[in-house]
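Here is a short report for a reader new to this structure. Please look over the sequence and the model first.

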Amino acid sequence: MSTTDSLKPLRRLLIGHGALMIFVGGVIGFGFLFFLIGDIRLWPIPGRIDYQLPGTYDAWRMAHMEAIVNGAILWIGAAVLQHLPFGPVGVRRTVYTMLVIAWTIVIASALDPLFPDSRGLAVSDSLTNNIAFGLFYIGVVAVMVLMAAIAYKALLGKHDDGPGE
């Protein structure tokens with residue numbers, strides 16, 4: 001089996017999670033829409049629910065865009081997978097790390113518009129804020145480590161131009 005064939009399951013994992021994440025971005029986008037119009041309604045479905053969703057414009061926009069951007073980044077990762085400067089184990093670890101990064105950041109971002117004082121910028125007395133902070137912490141540290149490893153291996157590591165090597 002060729003290296004490209006062995007990457008297919010990992011590529012499909014990134015593509016599938018990327019699509020799911022973009023779908024979640026669409027769901028969050030409906031929340032953003034309902035926040036903006038001040039109630040819950042969808043034309044041509046009759047009726048409406050008179051309810052103002054919590055949060056702020058910036059929190060809803062950020063949550064919506066985080067999901068879309070992270071989903072697109074997973075698709076980009078799938079496209080460049082065979083060019084990563086790692087062997088098979090390193091590529092597999094990279095894929096799983098990318099999934100952890102994307103989901104922790106998207107989930108943390110989604111907490112902010114739904115719960116007061118849950119931006120996750122620092123530890124506080126708010127449980128939802130601390131959950132967001134912990135998720136962001138995991139995602140940000142992981143992305144920094146992963147990008148440093150890719151940059152180091154690509155720029156300073158041994159060069160073997162074989163796919164996935």
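## Basis of the model

This is a predicted model, in which local features need pLDDT of at least 70, side-chain atom pairs count only at pLDDT 80 or more, and totals for chains, interfaces and linings use all residues. Residues are numbered from 1 along each chain as its sequence is written, and side-chain values use heavy atoms, with hydrogens and water left out.

## Overall layout

The protein chain has four helices and zero strands. Its elements run α-α-α-α from the N terminus on. Helices (H or I, at least four residues) and strands (E, at least two) are DSSP runs, numbered from the N terminus. The C-alpha trace spans about 60 × 40 × 20 Å along its principal axes.

## Helices α2 and α3

Two packed helices are described by the angle between their axes and the distance between the axes. Helix α2 covers residues 57-80 and helix α3 residues 88-114; they pack at about 170°, with axes 8 Å apart. Axes are lines fitted to C-alpha atoms, for helices over the stretch in contact, and angles run from 0 to 180 degrees between N-to-C directions. α2 and α3 are therefore roughly antiparallel to each other (angles over 145 degrees count as such).

Which residues of α2 meet α3? They include W60, A63, I73 and L74, and the α3 side includes M98, L99, I105 and V106. Contact means heavy atoms within 4.5 Å.

## The loop between α1 and α2

I49 is in the loop between α1 and α2. Beyond its neighbours within four places in sequence, I49 is in contact with D39 and I40. I49 and Q82 are 33 residues apart along the chain, and their C-alpha atoms are separated by 49 Å.

P44 is also placed in the loop between α1 and α2. The peptide bond from W43 to P44 is cis, with omega near 5°.

## A positive phi

Most residues other than glycine have a negative phi, and most peptide bonds are trans. D117 is not a glycine, yet has a positive phi of about 55°. D117 lies in the loop between α3 and α4 (127-156).

Note on methods. Parallel < 35°, antiparallel > 145°, perpendicular 65-115°, else oblique.
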